[in-house]
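Please look through the sequence and the 3D structure shown here before reading the report that follows.

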Amino acid sequence: MTKILIILILLFPGNNAKNRLKEFNAKLDHIVQVFKLNILDRDLCLKLKLDASKLARDVKKYVQATPDLAISMKSELLEVAKKGKALNVYISCLRDTGMYITSLKQFNYANNFVYGDLEYMHKAQYCSEVLIFSIDEFVAYIVKNPEPKGFMIRYSWKKPHEIGGGTITLPVYEESIQILFDNQMHPERLEVELFNIICTPFPDY
């Protein structure tokens with residue numbers, strides 16, 4: 001039986017590649033959907049980012065091990081690998097607990113197939129581009145830096161009609177996205193007021 005399968009694969013490599021492409025795409029779609037449905041579950045999201053990274057590696061290994069692929073099929077497979085890598089970065093940006101430098105290019109690329117909602121907050125009002133990002137009940141305030149130079153951002157925040165809030169200082173690197181804060185601790189949708197936002201460019205060395 002094994003010999004028959006090998007012969008069939010050798011005779012019809014294109015059909016096998018098509019099946020593998022469907023399989024890889026199905027895995028990618030599954031990771032995206034589970035992420036969107038469980039975005040507030042940080043532990044699960046950290047597992048999903050590893051799954052996305054593994055998918056990208058598996059696709060590349062398959063391409064390297066299948067030298068007779070048609071150019072168009074190879075291109076489609078490598079596109080899946082590219083999406084897997086970008087999805088890993090995307091999930092890391094939104095749900096990783098550490099400071100994660102997120103490529104703006106990869107974040108935007110992943111968001112084109114994840115379909116997270118992005119809304120500008122009075123774009124002209126701030127020293128950089130501040131946006132509200134949301135998927136389901138997850139809400140994050142992010143700063144976007146499309147420029148080739150980074151800066152420190154210092155901002156104050158408070159919830160409307162409440163006493164308190166705080167002041168935070170964060171580095172925002174070149175051509176990247178940085179989360180200012182999110183509603184992980186209080187999953188109900190929140191609104192905040194941002195003020196006293198100051199951007200200080202990194203010094204030239």
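This is a predicted model: local features need pLDDT of at least 70, side-chain atom pairs count only at pLDDT 80 or more; totals for chains, interfaces and linings use all residues.

The pairing of strand 2 with strand 3 (residues 129-135) runs in the antiparallel sense over 4 bridges, and within it L118 stands opposite F133 of strand 3.

## Two helices in contact

Helix 4 (residues 71-95) and helix 5 (residues 104-114) have axes that come within 8 Å and cross at roughly 105 degrees. Because angles of 65 to 115 degrees count as roughly perpendicular, helix 4 is described as roughly perpendicular to helix 5.

On the side of helix 4, the contact is made by E79, K82, K83, K85, A86, L87, V89, Y90, C93 and L94, while helix 5 contributes Q106, F107, Y109, A110, N111, F113 and V114.

## The protein as a whole

The protein contains 5 helices and 8 strands, and, when it is read along the sequence, these follow the pattern α-α-α-α-β-α-β-β-β-β-β-β-β.

Of its 205 residues, 40% count as buried, and the protein exposes about 12,100 Å², of which carbon and sulfur atoms supply 56%. Among the contacts between residues at least 6 apart in sequence, 63% join residues that are at least 24 apart.

Key
Residues are numbered from 1 along each chain as its sequence is written. Side-chain values use heavy atoms; hydrogens and water are left out. Two strands pair if DSSP finds at least two bridges between them. Buried means under 20% relative accessible area, exposed over 50%, partly exposed in between (1.4 Å probe, protein chains only). Contact means heavy atoms within 4.5 Å. Accessible areas come from the Shrake-Rupley method with a 1.4 Å probe; for residues, only the protein chains shown count as cover. Axes are lines fitted to C-alpha atoms, for helices over the stretch in contact, and angles run from 0 to 180 degrees between N-to-C directions. Angles under 35 degrees count as roughly parallel, over 145 as roughly antiparallel, 65 to 115 as roughly perpendicular and the rest as oblique.
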